[in-house]
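Trainee: Could you take me through the aromatic rings in this one, slowly and in detail? I'd like to see how they sit together, and then hear about a few other spots.

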Amino acid sequence: MARVLDSGHYGHTAVTETFERDVARFLGVPDAVAVATGTAALHTALVAAGIGRGHEVIVPSLTFTASIQAILACGARPRFAEVDPATACVTPTTVLEAVTADTVAVMPVLHSGRAIDLGPIHPHLAEHGITVIEDAAHAFGSYQGTRRVGATGQLTCFSFGPIKNLTCGQGGMVIPRTTAEADRLRELRLLGITASADQRAASTTYQVTSAGFRYPMSALNAAIGTVQLAHFATAETARRHLWRTYRTALADLPVTLVDVDVDHSVPHLCAITVPHRDQVWRHMHEHGIGVHYPPNHTQPAFTPWHRPLPDTERLGEQIMTLPFHQHLTGDDIHHVTTALQQALTSTGAHR
């Protein structure tokens, strides 16, 4: 960070490109394209995949609103899909149930860091020209089988925001499928300009070859990410250990953990479902526990695309996230679960 500040160049620089190469090497992929935020990653990926006006994108309702806003930003419309209440993720079955003649893409959201395998329906999706664009904002470092998320051949988007598994302070990354797609993403992230910063500095002109956005990752953010990545193994181990500690501590309480497949994922959240959630939440609020991601299909902004999703609606009334980050301690988890037990008792939810 000090070296970037000393250089006087705070935009996209060679520091950003070094971070891209480091992430690509970590994931075992040919390339990675850094952008300003996770939302920017989703938006540019959709546009690079040719998603636009008149198109329909399948997306779970139970996600942060950024997933939906990115779809709307490229002129497409969301087609909300059900999730499995046990995982808060879409499944091959719920995706196929949502497909219509207008569907051109599906955006599985890797809730809490859990990888989603749509392999059983890939032939069907490919036959109908449906692209898979993974919203892996929660899932940096997680595995699908023996490969990290991002290395499974899908167009994958990560977020490196303040609370993510890997943070840049703020930032995002797209893992392209082809060299041409990587070139297109780089064109889109910098206003359609094809020349790099060094190339522009060495010339009196440059070319703007398409429409684009102001989405570059600052060298300051890339510097943070580079150091974070060097220590990621520690964060990965800590997150798995803490999730398992929660699982043990919650075993005797009348709550259900949303399963993250902890042996293969790097957990981003520890979410539970509880009876009388709103009453329990009021008791827990002073301990920093809150509701996560109300379903989007019930939001006023997305009324035109509402469809009944009973499983999602029930889950949305019961789900709650517990404090979760790699700097928690066993004592912290004991404090949280004790407070939760007291809240359950005081609301009668223990019965």
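Mentor: Happy to! The structure holds nine aromatic pairs, where rings of Phe, Tyr and Trp (its six-membered ring) pair if their centres lie within 6.5 Å, with planes under 30 degrees apart called stacked, over 60 edge-to-face and the rest tilted. Phe 140 and Phe 158 make an edge-to-face pair, with 5.2 Å from centre to centre and 80 degrees between the planes. This pair links distant parts of the chain, 18 residues apart: Phe 140 lies in the loop between β5 (131-135) and β6 (143-144), and Phe 158 in strand β8 (residues 155-159). Helices (H or I, at least four residues) and strands (E, at least two) are DSSP runs numbered from the N terminus.

Please keep in mind that this is a predicted model: local features need pLDDT of at least 70, side-chain atom pairs count only at pLDDT 80 or more, and totals for chains, interfaces and linings use all residues. Residues are numbered from 1 along each chain as its sequence is written, and side-chain values use heavy atoms, with hydrogens and water left out.

Now for another buried spot. Thr 312 belongs to helix α12 (residues 310-318), and its relative accessibility is 0%, so Thr 312 counts as buried. Beyond its neighbours within four places in sequence, Thr 312 is in contact (heavy atoms within 4.5 Å) with Ser 61, Leu 62, Ala 81, Glu 82, Val 83, Pro 295 and His 297.

Finally, a look at a sheet. Three strands form an open sheet in the order β10-β11-β12, with antiparallel pairing; two strands pair if DSSP finds at least two bridges between them. Its edge strands, β10 (256-257) and β12 (319-322), each pair on one side only. Strand β11 (residues 270-273) pairs with β12 over four bridges, and Thr 273 stands opposite Ile 319 in β12.

Definitions and conventions: Buried < 20%, exposed > 50% of the residue type's maximum accessible area, 1.4 Å probe, protein only.
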